[in-house]
Structures are given as structure tokens and as C-alpha cells.
Amino acid sequence: MVKGIIAFGQYFLLDKIVGRSPSNIYQNPKFRSAIIQAILVFIVFYTFYSLYQTTVFNLEERGIKTSTSFFDQVAPFKVGFSPFLNFELGETTYIEVFYIGVLNTLLVAVLGIIAATLLGFFIGILRSSNNWLAQKFALIYVEIFRNMPLLLQIMFWNFAIFLAFLPPPKQSLEFGAFYLNGRGLQTPVPIVENNFLFKVWLGILIFSIIASFIFRNWAKKRRDQTGKSLPVLGISLSVIIIIGISSFYILGKPFAVDLPVLGKFNFKGGGQLPLPLFSLWFALTVYTSAFIAENVRAGIASVSKGQIEAARSIGLTRPQMVKLIIIPQALRVIIPPTISQYLNLTKNSSLAMAVGYEEVVAVWANISLNQTGQALIIIAMTIIFFEICSLFTSFILNIYNRRIQITER
Amino acid sequence: MTKSDSIIKISKLNKWYGKFHALKDIDLSVGRTEKIVICGPSGSGKSTLIRCINRLEVHQEGSIQVDGIELTDDIKQITEIRSDVGMVFQHFNLFPHLTVLENCSLAPIWVRKKSKVEAEEMAMQLLEKVRIPDQADKYPGQLSGGQQQRVAIARALCMQPRIMLFDEPTSALDPEMIKEVLETMIELADSGMTMIVVTHEMGFANRVADRIIFMDEGQIVEQNDPESFFKNPESDRTKLFLSQILDH
Amino acid sequence: MTMNTVKFEKLPDRLPPVNTVGWVAWVKQNLFGSVSNTIITLLFFYLIFLYIPPFLEWSVFNANISGSDRSICDENRSGACWTFIKVRMEQLLFGLYFAQNPDQMWRPIMAFIVFGGLLTPLAIDRTPYKKWLLLILLVAYPIFFISLVGGGVFGIPKSDASEWGGLLLTFTLAFVGIVLALPLGILLALGRRSKMPVVRSFSIIYIEFWRGTPLITILFMASVMLPLFFPSGVEFDKVVRAMIGITLFQSAYTAEAVRGGLQALDKGQTEASMALGMGYWQQTIFIILPQALRISIPSIVNTFIALFKDTSLVSIIGLLDLLKIAQNSSRSLDWNGYDIEAYMFAGLVFWIFCFGMSIYSQKLERKLDTDRNVE
């Protein structure tokens with residue numbers, strides 16, 4: 001903000017000076033621009049430097065010496081949900097708490113991105129369908145959910161709906177091997193019994209997936225040469241499944257699936273996604289899917305009527321037209337804004353604080369900050385984490401856009 | 001070119017857009033290798049008529065038979081007819097995400113189930129015929145309008161159609177490009193293709209057409225061979241139209 | 001040439017076959033066009049039948065609105081408890097101070113009315129002097145708003161911003177955010193397109209920095225770090241801290257919206273004004289910006305919608321905005337158990353504003369599109 005005002009002022013004043021003394025060296029635009037930039041660099045760096053100094057000083061006055069030594073101190077509070085790293089109260093250090101927070105953020109982001117993409121494409125396709133009721137339903141869905149604050153939606157689902165209406169564990173809602181109740185979602189978890197054989201099994205699976213890709217390329221070449229096509233997806237999938245299941249038994253069941261079983265008061269076995277995570281995931285999915293649905297609608301609408309007529313006039317069937325003409329063109333419009341939505345979803349997962357899910361902002365920028373007072377380092381690390389996510393997203397977007405540009409120009 | 005050997009038979013065709021009566025009692029039969037030019041003021045129904053022939057528009061009354069197959073709701077029959085009837089649009093409608101060569105070989109591969117090699121070979125031959133083989137690996141966006149329209153003609157020809165429909169193929173082009181497209185169309189006509197062309201290019205009509213059809217208000221006002229059509233138009237409407245378009 | 005001219009006879013227009021027009025055809029085409037279409041239609045009819053009547057029964061037909069405490073709602077649990085919303089309405093809209101001082105309530109009400117009075121003509125196409133009206137709204141109105149609602153002048157009792165709440169606070173935060181972020185955003189957008197590498201890279205870093213960070217982190221930073229940035233003795237009110245955070249955050253998004261407008265402008269415009277011998281700032285202020293801003297209004301409105309929704313995050317750092325008051329009320333002893341009503345009301349208020357603005361921005365976008373096509 002400061003630098004903008006200063007750039008403005010410098011430019012204006014120098015303009016005036018130059019106006020009065022015409023044969024001045026200042027009139028040389030290159031020289032003038034170099035001076036302005038030098039002043040700007042100085043001001044910005046000086047501002048940052050003095051802000052940093054004041055902050056460190058102020059922190060020291062409050063008895064906090066800014067340093068990273070607190071990383072290795074033991075965190076005096078409990079983090080209830082950490083599926084990837086073990087949390088032990090009295091052993092886990094602050095820096096581990098940070099990692100747990102980051103991983104929890106990434107977990108809900110990945111779960112949310114998968115679900116929001118599926119739901120968003122579904123709603124977007126309904127919105128573009130030729131069924132009037134489906135169109136209007138999708139329209140209402142989009143307009144309701146994207147025009148209300150996400151935080152309000154998270155709180156609504158968590159406090160007003162799930163906490164209030166989900167049954168206690170004994171009367172859990174059953175979805176196959178999944179159980180939903182007022183404490184969260186109980187899920188099956190794989191338990192590895194023989195580590196070596198499990199790795200072998202995993203290797204076989206990965207190998208057959210790679211083989212299926214080779215098979216796909218071979219089938220494509222064969223089609224190019226002879227015009228005969230094979231149901232590649234069907235063959236690959238069934239082969240992978242058959243190999244996966246048969247090698248599972250041949251290797252003597254290297255892992256087992258631990259199913260949640262209802263005990264006397266609560267579930268035993270399996271894993272649990274705590275209710276805050278479930279609510280957050282649910283709300284993020286619903287909210288983001290409304291935006292993705294709108295992208296999908298716009299993408300499908302961007303394929304002109306002329307394209308569809310041309311596709312029909314050369315005799316393509318409807319599924320061929322969708323696969324060869326509509327999807328490739330629509331995806332070019334859909335993908336870039338949808339990638340931005342993925343970033344938004346990741347940033348929005350920080351609203352978890354409102355329901356108590358333990359992601360990075362909650363456990364690090366809030367609890368750890370309050371405990372240690374290390375505002376400078378903690379806030380900086382939180383921001384850097386999100387900036388990395390954001391840079392990663394722009395990186396992906398740039399690659400995508402460049403690829404599109406090559407095929408277009 | 002006897003009437004009995006007609007490849008398209010249209011009888012009592014009526015078409016409405018909402019409540020607007022767009023085509024009225026059209027009767028028309030087109031012989032094999034016949035070249036027909038349809039002209040008329042805008043909104044006269046000429047585009048609608050040829051778009052009905054490959055079912056881009058759905059008619060409500062009457063019948064259309066293409067090569068003995070009746071156009072109904074049967075999707076299989078429609079697809080079959082479409083692969084026999086090539087169409088060239090006013091705005092080219094090339095697929096922007098595919099190269100020129102891919103534009104041309106797409107339908108032979110997916111509809112005719114040809115091998116890619118074979119399809120591309122034929123596409124190259126046809127691109128040579130429309131004189132742009134050197135642009136085969138470019139994308140449509142990189143070509144001029146005239147080049148795009150010639151690719152569109154090649155794309156339609158790749159299906160080895162028996163009938164070619166042209167929907168105002170030159171009206172979106174700059175004057176200097178009209179000529180190159182018309183030349184391609186004349187060559188095609190000389191090769192014996194059955195063609196129905198909606199156009200205002202009267203020079204082309206005079207040179208190529210076996211029959212010129214004048215339409216207005218969704219009706220066929222008159223049809224005749226070019227000489228009689230230009231010299232002795234029967235209807236007052238035709239005269240008015242010709243005087244407007246030829247004074248131009 | 002004239003031998004025997006035949007007069008053209010137009011066949012009479014007939015009406016299409018009955019089964020192809022009117023509502024029967026419409027229903028056939030849009031609801032039962034194919035087998036899959038019919039299945040979808042039946043499914044949706046089933047869902048509507050399943051969920052809409054019970055919802056209407058709960059929210060309208062069986063709902064409670066009379067009385068002034070929870071007893072009436074507790075007796076009839078089959079309907080919504082709008083009594084709760086009715087009783088807490090003043091708090092929800094204006095916060096605790098004005099709810100406790102009903103004689104002062106005219107102040108925020110009047111501020112809202114004046115705002116509406118300024119905004120309505122702006123949304124109408126044919127209003128003259130729109131630019132001046134906009135200027136009044138962005139410059140004079142904030143001063144009017146602060147002196148009227150904040151008080152302390154002309155014998156109006158003082159009410160600090162920290163005492164505002166509910167929709168009033170939500171509105172204030174969003175409005176302050178947009179008004180202060182606009183000039184900043186314009187400068188940043190110009191900076192991002194500057195020919196000076198230092199100016200350009202600083203602008204890019206600034207913009208991408210704020211866009212990459214979630215608002216909640218920024219609000220934390222504002223509430224924790226801001227006091228640390230200044231020598232002790234400089235104190236900021238909580239609300240002011242939030243405002244600063246929101247403004248910095250919003251300026252990055254505004255900058256991107258304005259940049260879109262600048263990019264959309266023809267290069268010819270700059271060249272023409274160069275030819276007139278105008279300097280950079282003359283050019284920018286008199287030729288480029290007015291047009292670029294006009295083009296970017298829809299995107300600016302869209303960033304404003306996002307900001308309006310995002311102001312709800314201040315509830316996490318302890319401000320009593322609309323959402324927080326709704327939540328607190330639904331947790332108070334008087335009304336606990338009626339969460340759905342509280343959130344639904346707050347949601348509806350947010351929705352009306354956001355949906356209204358998005359309709360407006362879509363309308364503007366369409367108008368700009370047609371204008372451009374005409375040109």
C-alpha cells in the first residue's frame with residue numbers, strides 16, 4: 001500500500017519538476033525510471049526492516065525471544081486426530097504438531113477435491129441436460145450454495161444438522177461397511193499383517209497397472225493400423241482385478257481389512273473420521289461443487305452449436321460426438337478455473353476452526369501461537385505453507401495453459 | 001439424370017419453428033449427379049430445407065427419402081444417411097482442437113472404421129485435391145477463411161458421400177477468398193457429385209447448376225434450368241429478386 | 001424478357017400439428033423426450049413429492065411466529081420457531097448496542113435507507129450523472145455513515161465500532177473493504193502492467209501474496225501481529241484491525257479485477273492518447289481508467305460478493321457479526337435447540353444480498369457484451 005502511494009507521488013512530483021526545467025538530466029526517461037525504482041526498493045525494504053525490528057522488540061518486551069528453539073519443545077496440548085503421525089501427549093513436539101496440521105489440511109483438501117469434482121461435474125451435467133426439471137434443480141442448487149458464506153454452511157451442517165440429528169453410535173446409519181453417527185464416520189481400514197508380502201502384492205498390482213498402459217498403447221497402434229478397436233478399459237480393469245484378487249490369496253492374504261464393529265457403547269476396530277472432519281468435508285464439497293458445476297456448465301455451453309452440427313453431419317453417433325468433440329473442447333474451458341477452485345478449497349479448509357477439526361491453522365496458527373507467543377515464526381510458516389500450495393497450483397495451471405497453447409497456435 | 005433415378009425425394013414437406021411456418025408443402029426430387037442451386041431472400045427457408053435433408057432440423061409433416069431410406073426418428077437410419085450426405089457450413093465449423101488432417105480423418109476412422117493409416121492417406125489425397133496438403137498439420141485457427149472452407153469440403157468428402165450439401169459456403173468469406181472456394185466446388189461438380197448448394201453466387205449457379213430453385217416465404221416459387229431461369233423468370237417475385245441481386 | 005409473368009401466390013400459414021406445439025409438446029420434449037429423460041423426470045417428481053411438502057409444513061404451515069419466548073415453540077415442535085428470529089431480530093440486524101438502545105435504532109435504519117436510496121438509481125440503466133452518484137456513494141457516504149451510526153457529533157450519542165454487530169457490522173466491514181481496496185487495487189493493477197521491472201515485480205508479489213493466503217490467516221495476522229508492528233502505545237480496536245486485514249486482502253482481488261479490464265482495452269486507446277501527446281498519468285486518468293473500470297465493474301462486483309460472504313470469518317476472531325450473533329443466540333438458554341432457524345435466517349440474509357448482486361453483475365456483463373458487439 002505504501003509503495004503504491006509513493007510511486008504515485010514520485011511520478012507526479014518528478015513530472016512537475018521536469019516540466020519546469022526542460023534541459024535537465026531528469027528528462028531522460030530511463031534515468032528517471034531508474035531513480036524511481038531505486039527509491040521504491042529502498043522504501044519497501046526499509047519498511048519491512050523496521051516492521052521486523054519493531055515486532056521483534058515488542059515480542060521481547062513481552063518476554064518472547066523470537067527463535068525456532070520452541071520447535072523441539074513438547075506440545076502441552078492434545079491433538080485428537082492424526083491418522084498419519086502418531087500423537088503422544090507429553091512426547092510430540094511443536095514442529096510435529098505443525099506437520100500433523102499440514103497433513104490434516106492436505107487430507108481434507110484431497111477428500112474434498114475428489115468429492116467436489118464428482119459432485120460438481122454431476123450437477124454441471126444436470127444443468128446442461130435437456131431435462132427441464134434436472135436443469136432447474138441444478139440451477140437452484142448452484143445459486144443456493146454459492147451465495148451463502150462457507151463458514152455459515154459449515155456451522156449449519158455441523159451444529160444444526162449432524163450434531164443435532166445424527167444418531168448415537170448404537171443406531172448408526174449404515175452405508176455398506178461405513179457407519180455414520182453423531183461422533184463421525186466409521187470406515188474400514190486395511191491392516192498389514194506381513195509387511196514383505198504386502199509390498200510384493202503392491203508391486204504386482206503396480207506392475208499390472210503399468211502393463212495395462214502398455215496394452216492400451218499397443219491397442220491404439222493396432223487400431224491406427226488396422227482400424228480394429230478393442231474394449232481396452234474393460235479388459236484392463238478386469239485383468240487388474242483378477243490379478244489383484246488371485247495374488248492376494250496366493251500370497252496368503254498379506255493384509256486384512258479391519259471392519260468397524262459395533263461394541264456395547266461404541267465402535268471397535270476400523271478407522272474414524274471425526275464428525276468435525278466429516279462436516280467440514282461435506283460443506284466444502286457442497287460449496288465447491290456449486291462453483292465447479294458452474295464451470296462445467298460454462299464449458300459445455302462454450303462448445304458452439306455449429307460444432308455439434310458438424311459432428312452430426314459427418315455421421316458421428318451421440319456417444320462419439322460427446323467423447324471426440326464436446327468433452328475435449330469443454331475441458332479446455334472447465335479445467336483452468338476448476339484448478340483454481342481446488343486451491344480455494346484448500347485455503348477454505350482453514351475454516352475448520354469453527355467446528356474444531358485439527359488442521360494447520362487451528363493447531364498451529366491458533367493453539368500453538370497462543371501457547372508459545374511466537375507470532376512471527378508461526379504466522380510466517382502458516383503463510384508459507386499456503387503460498388507453496390498456491391505456487392504449486394499456478395505451476396500446474398501454467399503447464400496446462402502452455403500445452404493448450406501449443407495445440408492451438 | 002432421369003426423374004425416375006432420383007436420389008432424394010421430398011414430398012409435402014412442412015416445417016414449423018414454434019408457430020412460424022418455415023417450409024410449406026415442399027415437393028422436390030433430385031436426380032443422381034444433378035447439381036441444384038437454391039437461392040432466395042434471407043428467411044425464405046432455403047437453409048432450413050437442406051438442413052432437413054440430413055436431419056439437422058426435424059420436419060413435422062411430409063416425407064424425405066434419401067437413397068431410398070425414409071428419414072424418421074430411427075437414430076440408426078439417421079446416422080447412416082448422414083454418413084452418405086456431406087455438408088459444408090457457412091461458418092466452416094471445423095473442430096478447433098484437431099489438426100486439419102485429424103479433422104478430415106476423424107469420421108473415416110470412427111464411423112467407417114478405417115485404419116488410421118488408410119484414413120490419413122485418403123485425407124491427404126483429398127487435401128491435395130482442394131490444394132492445401134501443406135497445411136495438414138496446422139490447426140484450423142491458423143488458416144484463412146478460404147483455406148478453412150476448403151478443409152471443410154475435404155472433411156466432408158473423406159466420408160465418400162453420394163450427396164454434398166452446401167449451406168451458403170461463401171457468405172462468411174472475404175471477396176478474394178470466395179473465388180478459391182468456388183473453384184474447388186466447380187471441380188467437385190465436374191467430377192460428377194450430386195450437389196445441392198444454397199448460395200447467392202449467380203455466376204457459379206450459371207456455370208454449374210442443372211437446375212436453379214428460387215424460394216420465398218418457405219415455398220418453392222419456381223425452378224428451371226439456368227438459362228431459362230435468368231432469361232425468362234416466370235414469377236414476379238423471381239424477377240424482383242433477380243433485379244435486386246444482379247444490379248448489385 | 002417479359003413473356004408471361006405469373007403472380008406469386010403465398011400459401012396461407014397453417015398452424016403446426018397440435019402435438020408439436022403448446023404445453024403438451026413442451027412437456028413431451030423437455031420432460032419425457034426419451035426413456036432416460038422420463039426416468040430422470042419421474043425421479044425428480046418423486047424427490048419433490050418426498051421433500052417439499054414436509055419442508056413447507058415445517059417452515060410455513062406449522063411454524064410458530066407468535067409470542068415472545070420459547071414456550072410456544074416448545075409446545076409445537078413440528079414447526080419452525082420463527083418467534084425466536086422475531087424476538088432477536090434487532091440484535092441480528094444491528095448488534096447489541098442498538099438492540100439495547102431502541103431509541104437510537106433510527107440511526108442504522110436511516111443509514112441503510114440512504115444507502116438504498118443511493119444504490120437503487122445506480123442499478124437503473126437510464127439514471128443521469130451516474131459517475132457523480134458513485135462518487136458520492138464511495139466518498140461522501142462513508143463520512144455520513146460514520147458520523148450517523150458512530151455518533152459523537154451533532155449531539156448524537158457515541159457508539160464505537162466495537163459495539164456494532166449483526167448485519168450492520170457485516171455491512172460495514174464489507175463496505176469499508178471495498179471502498180478502501182478500490183484505489184489500492186487500481187494502483188496495484190497499474191503497477192502490475194508498469195514498464196518498470198521493480199514496480200511490476202513488487203505489485204505481482206503483493207497481489208499473489210494476499211491471494212495465496214486464506215483470509216482467516218490474514219485476520220489472525222491482523223489481530224495478533226498488527227499491534228506488534230507498531231511501537232507500544234499505538235492501540236487498534238479489534239474492528240479496525242479486521243478492517244485493515246480485509247482491505248489489504250481485498251485490494252489484491254480488486255487489482256486482478258481491474259487488470260482484467262485493462263487487458264480487455266484496446267491497445268489502440270493507448271496509442272491514440274500517446275499520439276495526442278499525453279503523459280502517463282494524464283493518459284491513465286482521463287482515457288484508460290474510466291473505460292477499464294467500466295469493463296471491470298462486473299468482476300469487481302463479483303469480488304465484492306466474495307468479500308461479503310468472507311466477512312463472516314470475523315466471527316472466528318471474536319467479532320459479533322450477523323453469523324456470530326445468530327450462533328450465539330441459538331446457544332443462549334432462551335433459545336437453544338433452535339439452531340436451524342438461526343442459521344437459516346442468517347443464510348437467507350446473506351443469500352439475498354449475494355444473489356441480488358450476482359444478478360446485477362450478470363446483467364451488466366450481458367450489457368457490456370452487447371455493447372461491444374454493437375461497436
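# A tour of the predicted model

Start with chain B. Its 248 residues would give a compact globule a radius of gyration near 18 Å, and chain B has 18 Å, which agrees. Keep in mind that this is a predicted model. Draw a box along the principal axes of chain B: the C-alpha atoms fill roughly 55 × 45 × 35 Å. Now turn to contacts in chain B between residues at least 6 apart in sequence: 65% of them join residues at least 24 apart.

**Stop 1**

Select residues 6–17 and 61–66 of chain B. These are strands β1(B) and β4(B), antiparallel and joined by 5 bridges. Click on Ile10(B); its bridge partner in β4(B) is Ile64(B). While the strands are on screen, recall that side chains in a regular strand alternate between the two faces of the sheet.

Val66(B) has Ile69(B) as its bridge partner in β5(B). The two strands make a hairpin with 2 residues between them. Which residue in the turn has a positive phi? Select Asp67(B): its phi is about 55°.

**Stop 2**

Most residues other than glycine have a negative phi. Look at two further exceptions.

Select Phe92(B), in the loop between β6 and α3 of chain B. Its phi is positive, about 65°, although the residue is not a glycine. Is Phe92(B) buried or exposed? Its relative accessible area is 11%, so Phe92(B) is buried.

Stay in the loop between β6 (85–88) and α3 (100–110) of chain B, and pick Thr99(B). At 10% relative accessibility, Thr99(B) counts as buried. Show its surroundings. Leaving out residues up to four places away in sequence, Thr99(B) touches Ala136(B), Asp137(B), Lys138(B) and Tyr139(B).

Move to the loop between β7 (163–167) and α6 (175–190) of chain B, where Glu168(B) lies. Phi of Glu168(B) is near 45°, a positive value in a residue other than glycine. Glu168(B) has a relative accessible area of 18%. The limit for buried is under 20%, so Glu168(B) counts as buried.

The charged end of Arg155(B) sits over the ring of Phe95(B), 4.6 Å from its centre.

**Stop 3: the open sheet of chain A**

Switch to chain A and look for an open sheet of 4 strands. What is their order? The order is β1-β2-β3-β8, with antiparallel pairing. The edge strands are β1 (173–175) and β8 (271–274) of chain A, each pairing on one side only. From one strand to the next, the twist averages 20°.

Helix α8 (residues 275–302) of chain A packs on this sheet. In chain A, helix α8 touches β2, β3 (184–187) and β8, and its direction makes about 60° with that of β8(A).

Zoom in on β1(A) and β2(A), residues 178–181 for the latter: 3 bridges join these antiparallel strands. Leu173(A) stands opposite Leu180(A) in β2(A).

**Stop 4: aromatic rings**

Show the rings of Phe, Tyr and Trp. Over all chains, the structure holds 44 aromatic pairs. Select Phe98(A) and Trp364(A): their ring centres are 5.0 Å apart and their planes stand at 55°, so the pair is tilted. Phe98(A) belongs to helix α3 (residues 94–127) of chain A and Trp364(A) to helix α11 (residues 360–372) of chain A, 266 residues apart. Phe98(A) is buried at 10% relative accessibility, and Trp364(A) is buried at 0%.

Ring pairs link Phe70(A), Phe77(A), Tyr94(A), Phe98(A), Tyr99(A) and Trp364(A) into a cluster.

Finish in chain C. Phe115(C) and Tyr141(C) form a tilted pair, 5.4 Å centre to centre with 45° between the planes. Phe115(C) lies in helix α5 (residues 106–123) of chain C and Tyr141(C) in helix α6 (residues 130–150) of chain C, so the pair ties together parts 26 residues apart in sequence. Both residues, Phe115(C) and Tyr141(C), are buried. Last, select Arg211(C), which lies over the face of Tyr253(C), 5.8 Å from the ring centre.

Key
Residues are numbered from 1 along each chain as its sequence is written. Chains are lettered from A and ligands numbered from 1 in the order in which they are written. This is a predicted model: local features need pLDDT of at least 70, side-chain atom pairs count only at pLDDT 80 or more; totals for chains, interfaces and linings use all residues. Side-chain values use heavy atoms; hydrogens and water are left out. Rings of Phe, Tyr and Trp (its six-membered ring) pair if their centres lie within 6.5 Å; planes under 30 degrees apart count as stacked, over 60 as edge-to-face and the rest as tilted. Buried means under 20% relative accessible area, exposed over 50%, partly exposed in between (1.4 Å probe, protein chains only). A charge sits over a ring if NZ of Lys or CZ of Arg is within 6 Å of the ring centre and within 35 degrees of the ring normal. Two strands pair if DSSP finds at least two bridges between them. Axes are lines fitted to C-alpha atoms, for helices over the stretch in contact, and angles run from 0 to 180 degrees between N-to-C directions. Contact means heavy atoms within 4.5 Å. The radius of gyration is taken over C-alpha atoms; the globule rule is 2.2 Å times the number of residues to the power 0.38.
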